[in-house]
Amino acid sequence: VGHVNSRIRQRLWSRVVEMAGPGRALLVYQQPGEQRLCFQVHNHHWQPVDLDGITLIRRPTDRKTYNPALSHGWSKASKRRRFGR
């Protein structure tokens, strides 16, 4: 944590990547702009993604997006709670 210039930041990041080896590393630093933040990642499955000028971190998910086999509507338990037995 601190305020370092870009030359020092790049040297620190290269050292962190060298020391991390197969491990993970994440660097967040100030940058001029609306969000005022920038991200760098090393060996991480979370990736920074630019979305309309704002950088967000995308986390992959294992969930399936749509399963047509699932029934739609209210469950039997919720119907019993709502309307009584």
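## Burial and overall fold

Of the 85 residues of this protein, 12% count as buried, where buried means under 20% relative accessible area, exposed means over 50%, and partly exposed lies in between (1.4 Å probe, protein chains only). The model is a predicted one, in which local features need pLDDT of at least 70 and side-chain atom pairs count only at pLDDT 80 or more, while totals for chains, interfaces and linings use all residues. Residues are numbered from 1 along each chain as its sequence is written, and side-chain values use heavy atoms, with hydrogens and water left out.

The protein contains two helices and four strands, and from the N terminus on its elements run α-β-β-β-β-α; helices (H or I, at least four residues) and strands (E, at least two) are DSSP runs, numbered from the N terminus.

Strand β1 covers residues 25-30 and pairs with strand β2 (residues 37-42) in the antiparallel sense over six bridges, pairing being assigned if DSSP finds at least two bridges between two strands. Within this pairing, Gln 40 of β2 is the bridge partner of Leu 27. The two strands form a hairpin with six residues between them, and Gly 33 in the turn has a positive phi of about 145°.

In a regular strand the side chains alternate between the two faces of the sheet. In β1, the covered face consists of Ala 25, Leu 27 and Tyr 29, whereas Leu 26, Val 28 and Gln 30 make up the uncovered one.

## Nonpolar surface patch

Leu 26, which is exposed at a relative accessible area of 53%, belongs to a nonpolar surface patch together with Val 28, Leu 37, Trp 46 and Ile 57, and these residues have about 410 Å² of accessible area together. Patches are made of residues with over 30% relative accessible area and no salt bridge, with like charges joined within 9 Å and nonpolar side chains (Val, Leu, Ile, Met, Phe, Trp, Tyr) within 5 Å; the areas come from the Shrake-Rupley method with a 1.4 Å probe, and for residues only the protein chains shown count as cover.

## Charged side chains

The structure holds one salt bridge, defined as a side-chain nitrogen of Lys or Arg within 4 Å of a carboxyl oxygen of Asp or Glu, and it joins the side chains of Arg 15 and Glu 18 (3.1 Å, N to O). These residues are three apart in helix α1 (residues 6-20), and therefore about one helical turn separates them. Arg 15 is partly exposed at 46% relative accessible area, whereas Glu 18, at 55%, counts as exposed.
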